[in-house]
Amino acid sequence: MVDFHTAEPDVAAEAVAAREAKLSPLPQAQSQISGSQWASPPEPINQILDAPSLPAVLISPDNQWLIELGQPSLPTIAELAEPEIAVAGFRLNPKLSSPARHHTYRGMMLNAVWSNVSNPVLLPDEARISYACWSPDGQKLAFALTQATGLELWFLALSDGIPHRLTEPVLNATYGVPYRWLSDESLLCKFVPADRGAPPEKPSAPAGPIIQENLGRKTASRTYTNLLQNPHDEQLFEYYVTSTLEVVTFDGQQQRLGKPCLIDEAIPSPDGNYILLTTLHRPFSYQLPSSYFPLRFQVLNARGQVVQELADRSLADAVSTKFDAVITGPRRMCWRSDRPATLYWVEALDGGDPDQVVPYRDALYELNAPFTELPRELWRSQYRFRRVRWGSDTVALVWERWHDTRQLKVWQLNPAQPELDLHCLVDRSYEDHYSDPGMPLTVPGQFGRSVLQFTPDGNSLYFSGRGASPTGVYPFLDRLDLATAATERLWQSQSPYFESVIKLLDDEAQQFFTLRQSKTEPPNFFLRTRSQPDPIPLTQYPDRAPQFADVHKEVVRYQRVDGVQLSAKLYLPAGYDPARDGALPMVFWIYPEEFKNRELAGQVTTAEHAFNRPSGTSVLFLLTQGYAVLSDPSLPIIGEGDAEPNDTYVEQLLTGIQAAIEYVVDRGIANREQLGIGGHSYGAFTTANILVHSNLFRAGIARSGAYNRTLTPFGFQGEQRHFWDATETYLHLSPFTHVSKITAPLLLIHGADDSNAGTYPLQTERFYEALKGLGATVRQVMLPLEDHGYHSREAVGHVLWEMVRWCDRYLKAVH
């Protein structure tokens, strides 16, 4: 599926004249508690927020059809206020038996690729669509429709374009995917048990204390949210996650397989004769989410009978918090996509502990039906296993990588004779974007599952990649020779376009679908023929925010005082002329990144020719109010060799931001006395640190951040050491420790239901209390019902109003 939504938009807007009314700063000593009414941002921001978004697009496996799924408008706060229950690290909707705040599409359009005929799919009014999935033969599309009491299963036959309902609203999507195709004529579904009854009632009084103990084992964990807290939560988890496994056929028949259980996954084998069933069971944890709970692996036959007990993995409560730490026992268990019924999985050879010194980290195993023989080892990794792509009996690709060195390898494996023909195709630092070969293209195989796409002679594969280079970002299509690992460039995007290969239409790569865009043209699908210079347009989606058409966007380059190359995305309001209009107030929007190599830290990976329009709470909306924006200026935090990046985080942060300031000021487009800075999440943490350790900015905006690192003692972002291993670093990096040094006005915004690990709302509440207590100019905005990102129309509009108001008050008003 191609979804045009972007979480962090990247383009600019038409500038308007500065508004006549200028707000005066609040007196320093004044504390205010404002009312709880939503505010609305100035135009044209509201108009853009309410403009229709581009649809999500599904391409049929036979390349004959494009299905468009309409994007919904921003949800209302009333929709976010629907009942939900937090258990075991996630939130669920008890009324619908689905994830809370479940994203759905509105409306479906069926487009014939080769005849340009489009027809709407006739669904019930206000239909909410989700979990769309093609049948193995690619001739039907299954999907779920959300009704008042749950999710129904439907399918669309491409032959006539008519949708059909298969079930009542009984799908259980509370935990994982609610259905999978079993064959071209049947689906394997998770149902809400018909006899489930009422949910467990919360006791009127506690039965006793909540007791936890640890008897000398190291069981560190990161700061997860929405965890189980008491026996009643455990009962709720079991009640809502329990499902029955049912086979549904197109003639309306339903067959139950086995007893109700806590289904994690139920995946049919490619030939439909077996089911890999993974189920959760007790004991649960109050410190870890459900992904760490005990897990039982079984193989069922088509009648639901257990034919093989594969493994029973215990509670994974002793996994290190280091990045390459993994669960012991089987993981990533699934079916080979190129075989009728062959399981594969990975197991750690180092106890899952990256601190262990061993020659090999992981082993890849397979087991053929009827699953009675011993598993066969296919491959051992030097680093941590990442993924596998199956192609044929003799060709598969496996990826491994290691965080501490940033090294990545891709191997060609012969599954039929794993001791032969193993050779390395790629060996690189994954920080090196310029050498990224891309990813292999796939096609539906014999069983309708994705397999590697070979050339007709079977000797080469196709790769498509983003194409970052010193001259810009230009996506490409390559052919890779499996014998020599040599690549041949078949096609590459050219200025002024950013055009990516979506799908090959033949094994010789003569024709393919692309998604093309430019600074002024929104993303649209095209048909390319390599022998022809011009592609054929397949869609004609309009610009949802034409107010941004004349905004100036460019990728600018400069360097730190120590020679590290830096870059940023510079946006200037439409119609702006530096000679005529002079320097502007400018807002920097930041998010640092850690590197092990100073040369690679300077690579430019921004696609200058991409089409971007702001959505959600993007800082780029400030362009409509006469501000310039420097988005994502490079702030590399480098730790080469054994050096830890965060030990010099503050020093590198300041040299990076100072270089950016000098660039825009020397160019005459930004007024040094009218600079603001802001960021979201780790960007908010970084914003606070810059305000603590410098006086470079007149005002700051920090959204959904963490400011006291003692509250995330077992690691954060790229930091793997715990607080007691790096106490001075934790304290030095915590803006809370140095809060008395902040003199610039600071706007703090946080979602009151933030579920992101480490960014509890408490972080902002305590930071505000400290700033207020020390007499700072600070405003705290807590958004009811909002998560780490902000979703409701009311909250999004209000956040943008707050940002515009804050910048007008403390940046424009000083001029």
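**Aspartate 362 and the chain around it**

Modeller: In this predicted model, the side chains of aspartate 362 and arginine 331 are joined by a polar contact of 2.7 Å.

Biologist: What makes the pair of aspartate 362 and arginine 331 a polar contact?

Modeller: A polar contact asks for a pair of N or O atoms within 3.5 Å, one able to donate a hydrogen and the other to accept it; the side chains of aspartate 362 and arginine 331 are joined at 2.7 Å, so the pair is called a polar contact.

Biologist: Which backbone nitrogen lies 2.9 Å from a polar atom of the side chain of aspartate 362?

Modeller: That nitrogen belongs to phenylalanine 385, a residue that is also among those touched by aspartate 362, together with others including Trp379, Tyr383 and Val346.

Biologist: Why is aspartate 362 called buried?

Modeller: The name buried applies under 20% relative accessible area, and because aspartate 362 has a value of 0%, it is called buried; its place in the chain is strand β22, which covers residues 362–368.

Biologist: How do you know whether the radius of gyration agrees or disagrees with that of a compact globule?

Modeller: A compact globule with 815 residues would have a radius of gyration near 28 Å, and because the chain has 28 Å, the two agree; along the principal axes, the C-alpha atoms fill a box of roughly 75 × 75 × 60 Å.

Conventions
Residues numbered from 1 in each chain as written. Predicted model: local features only at pLDDT ≥ 70, side-chain atom pairs only at ≥ 80, totals over all residues. Heavy atoms only, no water. Rg over C-alpha atoms; globule rule 2.2 N^0.38 Å. Helix = DSSP H or I, 4+ residues; strand = E, 2+ residues; numbered from the N terminus. Buried < 20%, exposed > 50% of the residue type's maximum accessible area, 1.4 Å probe, protein only. Contact = heavy atoms within 4.5 Å. Lists of a residue's contacts leave out its neighbours within four places in sequence.
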